[in-house]
Amino acid sequence: MYEKILIANRGEIAVRIIRACRNMGIRSVAVYSKEDRDALHVKLADQRVCIGDGPVRNSYLNMDRIIQAAINTKADAIHPGFGFLSENSEFARKCEQYGIDFIGPCADLIDRMGNKSQARATMMEAGVPVVPGTKNPVHDVEEARIEAERIGYPIMIKASSGGGGKGMRVAMTEAEFEHQFGVAQRESVGAFSDDTMYLECFVEEPRHVEVQIIADKHGNVVSLGDRDCSVQRNHQKMIEESPSPAIDEETRKKMYETAVLAAKTVGYYSAGTIEFIVSKTGSFYFMEMNTRIQVEHPVTEMVTGIDLIETMIEVSMGKELPFRQEDIRLTGHAIECRINAEIPEKNFRPSPGKITHIHLPGGNGVRVDTAIYEGYTVPPDYDSMIAKVIVHGKDRDAAIRRMLTALDEMVILGISTNINFQYLIFKNPVFCEGNAHTGFIDTLLNYTE
């Protein structure tokens, strides 16, 4: 049993993990940058350690300072949350080196599945369907151009260490390939210190559907249902729901089996997400595996009743899963809406600043995960997501109505947010009919303009 866990993150996910620790009787340690000294996760934790200035390279990406904080506070384990160091195998190895448990898969599994190009190769060998593309990673634009000609345009260019839409570009023709490859590679180097790229055939008007799995260190792997994440802007998810309205029950069953096979193939343990792309014809292909907890994990918790953070911690301590596949029952429909500090009418420009008033929605079937409060100043240094509104209903129509009620009630003053823009999406007939693909937001923006 862990006595103390350090959370190597910030914002709502840090708050979420601290609350899980409290529920389990485990003490928590918050790390924070100087700009985050008044953050909610700092106030809620049992202990807190400042690890540097605001820029992430000096603080939340500074492995040595985080490890030292864990040593100084005698933490048994580190939970990385999502983003930052959550899929960094070097950090996981450093934790091992200093005798600190990394709450997630081991470094070798992160290398094998967290690296997108390596995961593709592994899945190809296991017989899992993948989007046609490169099997081996590419670093050089000339080498990449040859591969692009072999695959055929349009081409999706992706960073092997990518996540959150960073290091991802589409080249519709050969003429624009060099420029788009260069942009994606520079983004990858800046965000992940890695210039490794891979290429895929670009599937037009796809749906993005993922399967949440949880696995223990004893070989048990369980699927916890699917999530539709097709509503995106610049490859960043805005709305997620479970189950997906895009697939039938036969496809869903095959997708679950494929996700479990993918995890068992590599001996995976901890929480993980197998992400698929679904074509207009209904065919699905493995895209990547996220070897961490996801931003959208609450919708899975709402339809399964399982606390994913607590289960991750139990798995890390060596416990067997307390359930098997036949125990999982998906109930109703859940939707999550990401609330960002941004100005949609100004190309979604970030809107940091002081929150002068806040009212959060509530009621039966409504959950809000956030780290903001009245008087809190949203810093300019980090991701603009400030809250997640999650609702649950007996079916999709009921969930949509509940989300509209929640968004209508939600008030955040002092900064600009995307609440009204999200409301517009939930009133849109294409979304309401369950037909939104990954290009839906671009269509909506053109319509509103």
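The points below concern aromatic contacts and cysteines in this predicted model.

1. Aromatic pairs. The structure holds 9 aromatic pairs. One of them joins Phe348 and Phe421, with ring centres 5.2 Å apart and planes at 85 degrees. The arrangement is edge-to-face, because an angle over 60 degrees is classed that way.

2. Where the Phe348–Phe421 pair sits. Phe348 lies in the loop between β15 (342–343) and β16 (349–350), while Phe421 belongs to helix α13 (residues 419–427). The two are 73 residues apart, and the pair links distant parts of the chain.

3. Burial of that pair. Phe348 has a relative accessible area of 5% and is buried. Phe421 is buried too, at 9% relative accessibility. Both values fall in the buried class because the cut-off is under 20%.

4. Aromatic cluster. Tyr60, Phe84 and Tyr382 make up one aromatic cluster.

5. Charge over a ring. Arg396 places its charged end over the ring of Phe431, at 4.8 Å from the ring centre.

6. Cys229 is buried, its relative accessible area being 0%. Cys201, in contrast, is partly exposed, at 26% relative accessibility.

Terms used. Residues are numbered from 1 along each chain as its sequence is written. This is a predicted model: local features need pLDDT of at least 70, side-chain atom pairs count only at pLDDT 80 or more; totals for chains, interfaces and linings use all residues. Side-chain values use heavy atoms; hydrogens and water are left out. Rings of Phe, Tyr and Trp (its six-membered ring) pair if their centres lie within 6.5 Å; planes under 30 degrees apart count as stacked, over 60 as edge-to-face and the rest as tilted. Helices (H or I, at least four residues) and strands (E, at least two) are DSSP runs, numbered from the N terminus. Buried means under 20% relative accessible area, exposed over 50%, partly exposed in between (1.4 Å probe, protein chains only). A charge sits over a ring if NZ of Lys or CZ of Arg is within 6 Å of the ring centre and within 35 degrees of the ring normal.
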